[in-house]
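Please consult the sequence and the model alongside the text.

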Amino acid sequence: MVRPLGELENDIMTRVWQWNRPVTVREVLEDLRSERDIAYTTVMTVLDKLHRKGWLRREQVGRAYRYEPVSSREAYTAALMNEAWATSDNPAAALVHFFGLMSPEQREALRDALRVAAVLPAEPEPESGDSPGGGTGETGGAPAR
């Protein structure tokens, strides 16, 4: 089961995803301190918790650990969306409501994603007098795929 990250977990994971490299507790702490007063042990505990949950892998370097994400932010978001969708008694209705909440830009991004996933055709087949048989003189039949 994928659980949403808490506020501090999300703030830390956001940094780790953005930096896209292994990070130490000290690095995360220094960056977080620009926004809030936070203890080293708090950041260390949250990074350890994220490691135990499977969101981060770590490698010991000297006396410290370096943490890096196991998956991308996009994979995390997709897992959350899938988990939420799976809780519905009527997945189709849930999607209709979800689509209704989307901005025009989000709907366009969805259309693009469906094309990339090959769920939707790239563009409609052009209507022409050309035969689908590749010049063999055949007529009719199903369009070439």
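Along the sequence, the elements of the protein chain follow the order α-α-α-β-β-α-α-α, which amounts to six helices and two strands. Helices (H or I, at least four residues) and strands (E, at least two) are DSSP runs numbered from the N terminus. The model is predicted, so local features need pLDDT of at least 70 and side-chain atom pairs count only at pLDDT 80 or more, while totals for chains, interfaces and linings use all residues. Residues are numbered from 1 along each chain as its sequence is written, and side-chain values use heavy atoms, with hydrogens and water left out.

**Surface and burial**

The accessible surface of the protein chain is about 10600 Å², and carbon and sulfur atoms account for 53% of this area. Accessible areas come from the Shrake-Rupley method with a 1.4 Å probe, and for residues only the protein chains shown count as cover. Of the 145 residues in the protein chain, 19% are buried; buried means under 20% relative accessible area, exposed over 50%, and partly exposed in between (1.4 Å probe, protein chains only). Contacts (heavy atoms within 4.5 Å) were also counted by sequence separation: among those between residues at least 6 apart in sequence, 41% join residues at least 24 apart.

A nonpolar surface patch of about 270 Å² is formed by Met 81, Phe 98 and Phe 99. Patches consist of residues with over 30% relative accessible area and no salt bridge, with like charges joined within 9 Å and nonpolar side chains (Val, Leu, Ile, Met, Phe, Trp, Tyr) within 5 Å. Phe 98 belongs to helix α5 (residues 91-101) and is partly exposed, with a relative accessible area of 38%.

**The nonpolar core**

The largest nonpolar core has 20 residues, of which Ile 12, Val 43, Leu 47 and Leu 50 touch the most other members. Such a core is a set of buried Ala, Val, Leu, Ile, Met, Phe, Trp, Tyr and Cys residues joined through side-chain atoms within 4.5 Å. Helices α1 (7-19), α2 (25-32) and α3 (40-53) each contribute at least two residues to this core, and α1 gives the most, with five residues. Leaving aside residues up to four places away in sequence, Leu 50 touches Leu 5, Glu 9, Ile 12, Met 13, Trp 55 and Leu 56.

**Aromatic pairs**

Four aromatic pairs are found in the whole structure. Rings of Phe, Tyr and Trp (its six-membered ring) pair if their centres lie within 6.5 Å; planes under 30 degrees apart count as stacked, over 60 as edge-to-face and the rest as tilted. The pair of Trp 55 and Tyr 76 is edge-to-face, because the ring centres are 4.8 Å apart and the planes stand at 85°. Trp 55 lies in the loop between α3 and β1 (56-61) and Tyr 76 in helix α4 (residues 73-86), so this pair ties together parts that are 21 residues apart in sequence. Trp 55 is buried at 13% relative accessible area, and Tyr 76 is buried at 6%. By contrast, the rings of Tyr 65 and Tyr 67 have centres 6.1 Å apart and planes at 55°, so that pair is tilted. Tyr 65 is partly exposed at 30%, whereas Tyr 67 is buried at 2%. Ring pairs also link Trp 17, Trp 55 and Tyr 76 into a cluster.

**Salt bridges**

The whole structure contains eleven salt bridges, each defined as a side-chain nitrogen of Lys or Arg within 4 Å of a carboxyl oxygen of Asp or Glu. The table lists some of them.

| Pair | N to O distance |
|---|---|
| Arg 15 and Glu 35 | 2.8 Å |
| Arg 52 and Asp 48 | 2.9 Å |
| Glu 68 and Arg 57 | 3.7 Å |

Arg 15 lies in helix α1 and Glu 35 in the loop between α2 and α3, so their pair ties together parts that are 20 residues apart in sequence. Arg 15 is buried at 6% relative accessibility, whereas Glu 35 is exposed at 53%. Arg 52 and Asp 48 both lie in helix α3, four residues apart, about one turn of the helix. Arg 52 is exposed at 59%, and Asp 48 is partly exposed at 21%. A network of salt bridges links Glu 9, Lys 49 and Lys 53.
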